[in-house]
Amino acid sequence: MTTITLNDGNKIPAVGFGVFMIPADGPTYDAVRTALDAGYRHIDTAAAYFNEADVGRAVRDSGIPREEIFITSKLWLQDYGYEAAKKGLDTSLEKLGMDYVDLYLLHQPYGDVAGAWKALEEAKAAGKVRSIGVSNMTPKIWKEFVPQFKTLPAVNQVECNPFFQQRELRELLAKDDVKIEAYQPLGHGDSSLLSHPVIAKLAEKYGKNAGQIILRFEVQDGLIVLPKSTNPERIAGNLRIFDFELTEDEMNQMYALDTGKGSHDPEAPGVAEMLLQNYKIHD
Ligand code: A2P
């Protein structure tokens, strides 16, 4: 599995298995077991996905040594601020049944971000997390928060797909060697993306499906991708993207699909309130 070196020296597998919106108590467990059997060694969960316990159980039952699997989780907004963040991380570790995670992210860029980040920096020093990062930071939000941090994030996990390539953010983060993790790298199953003629043509040429072409493009372009699927064939297929290479001309055709617009706007007014209302992880 191809790995990428983060700005703190740690390595992360370029393809991770995302479990957002996969239900707990069965489906997440099955999907993670399938993914690990297929060869994934990187699983991306979050406190607000409500399925950390299933991820932990699937990892243990797989029999694969813990240190061979890269586990990411995320601190939910409800637990921001220095003291609350320390407790939030401990709760994540407890649910996962692990004594460390490989990467822990601030899931959303609102509220007492600086206090929560300080707790993450200390957790890294204490060995509870190997790397720390953020998520959903636009260039504007990045410039607002990150100058207050002592340590730079290793990653910023954001929505990214061929229709929304995040060029401005990528240029900004490249200066500090901060890697982008692409969530919803397949456009969340958007059929206008998955059936786009440019992608269909490449799929035919390489004998791959549209999802594999998109993921190949993204990884070849330096992204860490987190495709999600509950279909065993697609779970396995989404990892089979390392046996072909897009030409420069084909990469340019893919770059040209960028519309500069995504489906989430982290800068929209009221987002934090809406998230807190929709995702209550504890009382
Ligand atoms: P399914 O679970 O039936 O495979 P994203 O990761 O961008 O959020 O996209 C997830 C969506 O894309 C899911 O609906 C998933 O459906 C679908 N999907 C996953 N892999 C592929 C693929 N290789 N080709 C087409 N659709 C895919």
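**Exercise 1. Describe the stretch that UniProt annotates as a domain.**

Solution. The UniProt record (unreviewed entry) places the feature "domain: NADP-dependent oxidoreductase" at residues 29-257; such positions follow the numbering used here, feature names are shortened, and annotations may be inferred rather than shown by experiment. The model is predicted: local features need pLDDT of at least 70, side-chain atom pairs count only at pLDDT 80 or more, and totals for chains, interfaces and linings use all residues. Residues are numbered from 1 along each chain as its sequence is written. Over residues 29-257 the chain is 45% helix and 15% strand, where helices (H or I, at least four residues) and strands (E, at least two) are DSSP runs numbered from the N terminus. The end C-alpha atoms of this stretch are 35 Å apart.

**Exercise 2. State how helix 8 and helix 9 are oriented to each other.**

Solution. Step one: the axes of helix 8 (residues 197-206) and helix 9 (residues 210-220) come within 8 Å and cross at roughly 100 degrees. Axes are lines fitted to C-alpha atoms over the stretch in contact, with angles from 0 to 180 degrees between N-to-C directions. Step two: helix 8 and helix 9 are therefore roughly perpendicular (65 to 115 degrees). Step three: I199, A200, L202, A203 and Y206 of helix 8 meet A210, I213 and I214 of helix 9 (C-beta atoms, placed from the backbone, within 7 Å).

Notes. Angles under 35 degrees count as roughly parallel, over 145 as roughly antiparallel, 65 to 115 as roughly perpendicular and the rest as oblique. Two residues are in contact if their C-beta atoms, placed from the backbone, lie within 7 Å.
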